[in-house]
Amino acid sequence: QVQLVESGGGLVQPGGSLRLSCAPSRSISSNYAMGWYRQAPGKQRELVARISSGGSTNYADSVKGRFTISRDNAKNTVYLQMNSLRSEDTAVYYCNFHNIYNAYDYWGQGTQVTVSS
């Protein structure tokens, strides 16, 4: 019954910034790893960034130094701060909550990020 609701996507110029947010529609526990994935037309979905329940992070090489993932456990919210955006960052971005005990995945509906001048 829980849905992940994403916001923050849109059109931005190269070099610009966006912040994506994702939160569940109903209260859930904090026992989730959280992540952001993206998929461009004709390409496979790829992991962009993830953050563990303890706060450890990792990133795709293509976004290291430009994107920052963070979480607010009190709000059950995950964020993706995207800076220095490039045209190749254009994709639909999906958030993911992965339950660390039963491996159940929640997925957001996707939000379009378009980087273009």
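The chain carries 11 positive and 7 negative side chains, and the centres of the two sets lie 3 Å apart. Here Lys and Arg count as positive and Asp and Glu as negative, while His and the chain ends are not counted; each charge is placed at NZ of Lys, CZ of Arg, CG of Asp or CD of Glu. The model is predicted, so local features need pLDDT of at least 70 and side-chain atom pairs count only at pLDDT 80 or more, whereas totals for chains, interfaces and linings use all residues. Residues are numbered from 1 along each chain as its sequence is written, and side-chain values use heavy atoms, with hydrogens and water left out.

**Overall build**

- The chain has eleven strands and zero helices, where strands (E, at least two residues) and helices (H or I, at least four) are DSSP runs numbered from the N terminus.
- The radius of gyration is 14 Å, close to the 13 Å that the globule rule gives for 117 residues, so the chain is as compact as a globular protein of that length. This radius is taken over C-alpha atoms, and the rule is 2.2 Å times the number of residues to the power 0.38.
- Along the principal axes, the C-alpha atoms fill a box of roughly 40 × 25 × 25 Å.
- Of the 117 residues, 40% count as buried (under 20% relative accessible area; exposed is over 50% and partly exposed is in between, with a 1.4 Å probe and protein chains only).
- The accessible surface comes to about 6300 Å², and 43% of this surface belongs to carbon and sulfur atoms. The areas come from the Shrake-Rupley method with a 1.4 Å probe; for residues, only the protein chains shown count as cover.
- Among contacts (heavy atoms within 4.5 Å) between residues at least 6 apart in sequence, 54% join residues at least 24 apart.

**Strand β4 and its partners**

- Strand β4 (residues 32–39) pairs with strand β9 (residues 91–99) in the antiparallel sense over eight bridges; two strands pair if DSSP finds at least two bridges between them.
- Trp36 has Cys95 in β9 as its bridge partner.
- β4 also runs antiparallel to strand β5 (residues 46–51), with five bridges joining them. Met34 stands opposite Ile51 in β5.
- Six residues lie between the strands in the hairpin of β4 and β5, where Gly42 takes a positive phi near 75°.

- Ser62 sits in the loop between β6 (57–59) and β7 (67–72) and is partly exposed, at 35% relative accessibility.
- Not counting residues up to four places away in sequence, Ser62 touches Arg38 and Arg86. Its C-alpha atom is 9.0 Å from that of Asp89, 27 residues apart along the chain.
- Leu85 belongs to the loop between β8 (77–82) and β9 and counts as buried, at 2% relative accessibility.
- Beyond residues up to four places away in sequence, Leu85 touches several residues, among them Val12, Leu18, Phe67 and Val115.
- Leu85 and Gln13 are 72 residues apart in sequence, yet 7.6 Å apart in space, C-alpha to C-alpha.

- Asn76 is not a glycine but has a positive phi of about 50°. This residue lies in the loop between β7 and β8 and is buried, with a relative accessible area of 10%.
- Ala103, also not a glycine, has a positive phi of about 65°. Ala103 lies in the loop between β9 and β10 (105–107) and counts as partly exposed, at 46% relative accessibility.
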